[in-house]
Amino acid sequence: MSHPNQPLFSSYQLGDLELKNRVIMSSLTRARATNKELAPTSLMATYYAQRASAGLIISESTWVSAKAIGFVHVPGIFTPTQVEGWKEVTKAVHANGGKIFLQMSHSGAASHPDFFEGDIPRGPSAINPQLTTYTPTGPKDTVTPIAFTKEEIKQTIDDFEQAAFNAVVAGFDGVELHAQIFALIPQFLSMATNQRTDEYGGSIENRARLLFEILDTLKQVWDSKRIGVKFTPTAFNPGILQPDEHTIPMFQYILEKLNEYDLGYLHLVGPATDLTGTAIEQMQDIYFRQARDVYKGTLMANRGFTGETGNKIITDDHADLVSFGMDFIANPDLVKRLANNLPLAKPDTTTFYAGDEKGYTDYPYLS
Ligand SMILES: Cc1cc2nc3c(=O)[nH]c(=O)nc-3n(C[C@H](O)[C@H](O)[C@H](O)COP(=O)(O)O)c2cc1C
């Protein structure tokens with residue numbers, strides 16, 4: 001079907017991968033891996049298959065190793081059972097004509113000793129990020145982490161490499177590196193949590209080193225066009241990871257350096273709130289355009305888009321792809337609804353991060 005003036009519904013060539021439309025399902029943690037192994041289940045395969053009309057699905061945040069865990073019932077991709085579970089998911093998505101990337105994640109200090117039989121989580125420095133983590137026995141405050149040794153950093157990069165390889169075996173079409181909000185990489189980027197004095201701390205280049213070393217390692221496994229990065233300089237997290245006077249220079253550096261990587265895409269999350277009066281006020285209104293001026297590759301825009309604003313940002317040439325998070329929860333047929341201007345269902349927030357098929361696979365398609 002052709003949709004004049006609605007570029008969201010035109011195809012897009014992502015390297016050698018043709019996306020049938022530009023409506024991307026962004027990563028959504030749904031905490032349904034309710035088994036001891038943290039393996040994807042048949043229910044999860046059904047959920048993703050229901051949403052296969054998206055131009056591309058990006059999986060929920062997935063742990064690259066046992067040490068990366070920081071949220072209850074979130075799946076991993078570091079054991080054979082987990083890989084088998086993911087195979088079922090990718091097969092179901094492909095059978096329904098969809099494509100799916102794996103989002104690779106590490107919690108760093110945004111975790112809790114309960115996940116590690118009492119062992120203290122590792123972070124860039126021994127600084128508590130002051131977050132809440134959702135453990136098997138309920139929400140708990142983060143603790144002061146132990147600073148990564150260089151050996152542990154090397155091991156973490158190797159874990160990403162192994163997980164990237166596992167993603168190939170599991171049948172994914174590509175991988176997305178989670179480098180936003182309060183995950184491990186933002187903890188390294190921010191001076192609030194990174195006070196290291198070695199080559200991973202201090203200057204902008206040093207604080208961003210881990211990000212690029214992980215990308216280097218992912219490129220050993222995947223063609224660069226099958227790798228995306230999800231990033232935002234605009235996340236006002238709970239706790240101490242906040243935009244500050246170092247954020248814009250870091251953003252600029254990352255955008256410029258990413259040009260060297262020839263990635264599939266940069267997935268950029270826009271501000272959730274008015275930036276007036278904040279340290280990143282100058283990004284207000286010009287955020288995606290500003291990024292577009294510097295970053296030359298495929299840009300995927302995210303946060304708060306509608307069919308109308310999604311079409312507009314592509315028409316204005318400030319982005320190539322648009323991702324939708326929340327709207328994909330209650331609208332498995334979101335693409336059809338947006339394309340035909342049909343009403344969107346509202347999701348039940350109480351089942352976002354817990355439960356079974358209720359509020360997960362039981363949202364109907366519009367007939
Ligand atoms: C329930 C829920 C779970 C989420 N889980 C993740 C996640 O695992 N990884 C991630 O990068 N973003 C996650 N996000 C953020 C979304 O991918 C997206 O960036 C955000 O919701 C803004 O897009 P939207 O306005 O279209 O919802 C989550 C959001 C929601 C509502």
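Reader: How many of the residues of strand β5 (residues 100–105) are buried?

Author: Six of the six residues of strand β5 are buried, and the strand is thus described as mostly covered. Buried means under 20% relative accessible area, exposed over 50%, and partly exposed in between, with a 1.4 Å probe and protein chains only. The model is a predicted one: local features need pLDDT of at least 70, side-chain atom pairs count only at pLDDT 80 or more, and totals for chains, interfaces and linings use all residues. Residues are numbered from 1 along each chain as its sequence is written, and side-chain values use heavy atoms, with hydrogens and water left out. Strands (E, at least two residues) and helices (H or I, at least four) are DSSP runs, numbered from the N terminus.

In a regular strand the side chains alternate between the two faces of the sheet. In β5, I100, L102 and M104 point one way, while F101, Q103 and S105 point the other way, and all are buried.

Strand β5 has parallel partners. Two strands pair if DSSP finds at least two bridges between them. Strand β4 (residues 56–63) runs parallel to β5 and is joined to it by five bridges; in this pairing T62 stands opposite M104. Strand β10 (residues 174–179) also runs parallel to β5, with four bridges between them, and here M104 stands opposite L177. Together with helix α2 (residues 80–95), β4 and β5 make a right-handed β-α-β unit. A crossover is right-handed if, with the strands pointing away from the viewer, the path from the first strand over the helix to the second runs clockwise.

On a 1 Å grid over the protein atoms alone, a pocket is an open set of points with protein on both sides within 12 Å along at least five of seven lines, a cavity is a set of points where a 1.4 Å probe fits but cannot get out, and lining residues have an atom within 4 Å of a point. Grid points are joined across faces, edges and corners, and a volume is the space filled by probe spheres set on the points. The largest pocket has a volume of about 1,400 Å³. Of the 46 residues that line this pocket, S27, T29, Q180, I181 and Y353 are the closest to its centre. Two or more lining residues come from each of β4, β5, β7, β14 (321–324) and α10 (326–330). The lining of the largest pocket divides into 21 nonpolar, 21 polar and four charged residues. Here Ala, Val, Leu, Ile, Met, Phe, Trp, Tyr, Cys and Pro count as nonpolar, Asp, Glu, Lys and Arg as charged, and the others, Gly among them, as polar.

Of its 19 lining residues, D285, F288, F305, I313 and H318 are the closest to its centre. Helices α8 (287–294) and α9 (307–315) each supply at least two residues of this lining.

A search of the whole structure also finds one cavity of 30 Å³ or more. The volume of the largest cavity is about 290 Å³. Among the 22 residues lining the largest cavity, P186, L189, S190, Q242 and T247 are the closest to its centre. Helix α7 gives the most to this lining, with three residues.
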